[in-house]
Amino acid sequence: MPRFSVIVPAFKVQAYLHECLDSVLTQTFSDFELIAVDDCSPDACGAIIDEFAARDPRVRAVHLPANVGLGQARNAGLARASGEYLLFLDSDDSLVPGALAAIADRLEETENPDLLIYDYARTYWTGEVARNTFASLLTDQGPAVFRLDDRPGLLHLLMVVWNKAYKREFVEREGFAFPPGYYEDTPWTYPALLAASTITTLDRVCVHYRQRRQGGNILATTSRKHFDIFDQYDRVFAFLDARPALAHWKPVLYRRMIDHFSTLATARGRLPRGSRAEFFRRARAHCRRHRAPGAAPALRGRLRHGLIRSGGHRVYRALWAADLLRSRTRRVAGRARRVLLAAALRVHYRIQLQLPVRSDLAVFAAYWNRGYSCNPAAIEEKVRELVPHVRTAWIAQEAHHHTVPAGTRRLRPGTFAYWSALARAKYLVNNVNFDRRLVKRRGQIMLQTHHGTPLKTMGIDLQERPAAARSMDFEQLLANVDKWDYSLSANRHSTLVWERAYPSACTVLEYGYPRNDVYQRTGAEDVARLRASLGIPKGRTAILYAPTHRDYRRSQTPPLDVERLAAALGPRFVLLTRAHYFSDAPLAGAAAHRVLDVSGHSSVESLCLASDGLITDYSSLMFDYACLDRPIVLHTGDWDAYQAARGTYFDVRECPPGAVARTEDELIDIFATGHWRGSRSAQLRAAFRERFCPYDDGNAAERVVRRVFLGESAGLPVVVPQEQRTPARVPVPAPAKEVVPEAVPGSAAVSVPKAAPEAVGGLVPAPHA
């Protein structure tokens, strides 16, 4: 008997069926059968199913002689299922990589409950991915296994069949089957949740729920079939009537039924013209038939419920129209307020530009106002140390204000204080460009620190790379560049690139990157505290995986199967996964073994210090990480595509900082054989450091501050030779007897929260997003 029966009904989805079936068959967990049901589809669905069945014995093809609808097609799959657990997947949706393994692990961990609820994310044709807004309900809140009475809030989740795994024995015992008609999930899902004696949850996205641009969903159709909702709720309440022990749920489901009716009644494009009054009459009859007094909804909901119960079609429509009018009025008023505020800010800025420049004020920002990080943060800290008479201010969105040190003024973009500071500060420091409306005044000094050694094509060199440049305004770019007084460089390669990619009359400071100073100034005890704060068990080898952004992809699918890699590395390793800051999703699911998701951590320097090695691809992080003299492995499986779309200044595979893997299997082999930290890897790293880290000796920030803020050009800190540097070391591993697989917390991915720079003994002054 297979562990899972995955049932996929198909009707008029030929464009999506390949992806759906592939998403199941390529799962790392393979103990399943895939029952694909052709609901007499007029397109190529039947042929596609037969094609998959011919090449994979786990696929069981079912062809129905007539179209029977989604619920009946699922029943046909149920009749042929032999798996221990049943999973349903709509044929235009897909399983995410590792989903079945995560589900299987959770079921085993919770001793095979009747029902498991997992999460989903909506995927849009634009490439956007949005996780379920009620995902927090799936986190552990008390016992891992429970009844619905213990966590009734789960009823707020989308009541669909495909976000759950059902024990087949439980389904057969209860006699569950799908009824005909629309909204067939309603009389299946509610009874299943109410009848299950053991339920558990999995806080992990397992399904990508496709949101088609047009069609593909009953919610996007106009039809009298939406009246099927009444029969479906009759079935739900018949189930409750047959089970007196569940009578206390009637008021809850009664309120949810009214909510469902009201949503359907006001939705545009569902009910045919002229049928809305009839719908309200039917709704009123149902409310009288199944009336179950209980806790009343909130005031706004109470009015809506009352109108549905009374069949007040015209009043409901009038109130709904009034509500829409009020919302539109608020939007218009809001736009008017924003226009007036913008005008006031422009006038305020012009006035501030007439006032004297303040020589005791410096304004800093980084990464489009994402928070206190990178080279500007390291310089700001050094300014407070060496030039105490200069007051510093940091521009950041309010959500990132917690990262700014207490002694530094916080500025929110677009405020009066923000424009005052930009108009009057003598020093302006950023690793990207400031607001394009900024007027560079005589007496102001602007320092561009950049945020990495360039491997990928930058600046005006992107003019021949439209896939990467997209809508970049090159004229505006050059106007911004003309405001620079200084451009910071970490090495000769960067100097040459910056002068060509950002042509200007500014002075290049080839001093090293201040953000890397911390690598030479951190002790082993601080590193140990960092590792403990991240949840890295003693005795484990921690590998940081940090891929870069792909310009040629709209959706940032991870280049590696993180869960497969973690499994291959084995119990002595912990994988720290950090998604690029342009990405909206983590690189691994919440149930991945031996994986710590550190995408939300505010300091990449902390992560580098805490790790034993780095896996990356084309990220500039490799140049900074080399300062630590720790192993680096490159995974360059899509080099040709990346090079074609983005372009690079050199082929990093020819002068890498360590071992190079062209495939995932090669990467796993590099770790299995120990080549990732062998003598050849050390030789490559030494040559790489010599070329790209000549000035990163722990004194870069001081050199910059003395030159820019104190006007000193002589007597700057002498560069420490490579052989005399003492980069931070990872603590000696604990004895082998302490290394036990069970020590990994929860054997699951843990999301590391954002931490302020001073969170670990003031260790990292310049976190880098």
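I take a helix axis as a line fitted to C-alpha atoms over the stretch in contact, with angles running from 0 to 180 degrees between N-to-C directions. The model I am reading is predicted.

**Entry: a helix pair**

I looked up how helix H8, residues 250–266, sits against helix H9, residues 276–289. The two pack at an angle of about 175 degrees, and their axes are 11 Å apart. Angles over 145 degrees count as roughly antiparallel, so I note H8 as roughly antiparallel to H9. On the H8 side, I list Tyr254, Met257, Ile258, Phe261, Leu264, Ala265 and Thr266 as making the contact. On the H9 side, the residues are Arg276, Phe279, Phe280, Ala283, His286 and Cys287. Sorted by class, this contact has ten nonpolar, two polar and one charged residues.

**Entry: Thr110**

I found Thr110 in the loop between helix H4 (99–109) and strand S6 (115–124). Is Thr110 buried or exposed? Its relative accessible area is 6%; buried means under 20%, so I put Thr110 down as buried. The Thr110 side chain reaches the backbone oxygen of Arg106 at 2.7 Å. Leaving out residues up to four places away in sequence, I have Thr110 touching Ala144, Val145 and Thr200.

**Entry: cysteines**

I searched the whole structure for disulfides and got zero. For Cys627, the nearest cysteine sulfur is that of Cys693, 3.8 Å away. A disulfide needs the sulfur atoms within 2.5 Å, so Cys627 is in none. I also checked accessibility: Cys627 is buried, with a relative accessible area of 2%, whereas Cys40 is partly exposed, at 33%.

How values were computed. Residues are numbered from 1 along each chain as its sequence is written. This is a predicted model: local features need pLDDT of at least 70, side-chain atom pairs count only at pLDDT 80 or more; totals for chains, interfaces and linings use all residues. Side-chain values use heavy atoms; hydrogens and water are left out. Helices (H or I, at least four residues) and strands (E, at least two) are DSSP runs, numbered from the N terminus. Angles under 35 degrees count as roughly parallel, over 145 as roughly antiparallel, 65 to 115 as roughly perpendicular and the rest as oblique. Contact means heavy atoms within 4.5 Å. Ala, Val, Leu, Ile, Met, Phe, Trp, Tyr, Cys and Pro count as nonpolar, Asp, Glu, Lys and Arg as charged, and the others, Gly among them, as polar. Buried means under 20% relative accessible area, exposed over 50%, partly exposed in between (1.4 Å probe, protein chains only). A polar contact is a pair of N or O atoms within 3.5 Å; within protein, one must be able to donate a hydrogen and the other to accept it, and residues adjacent in sequence count only if both atoms are side-chain atoms.
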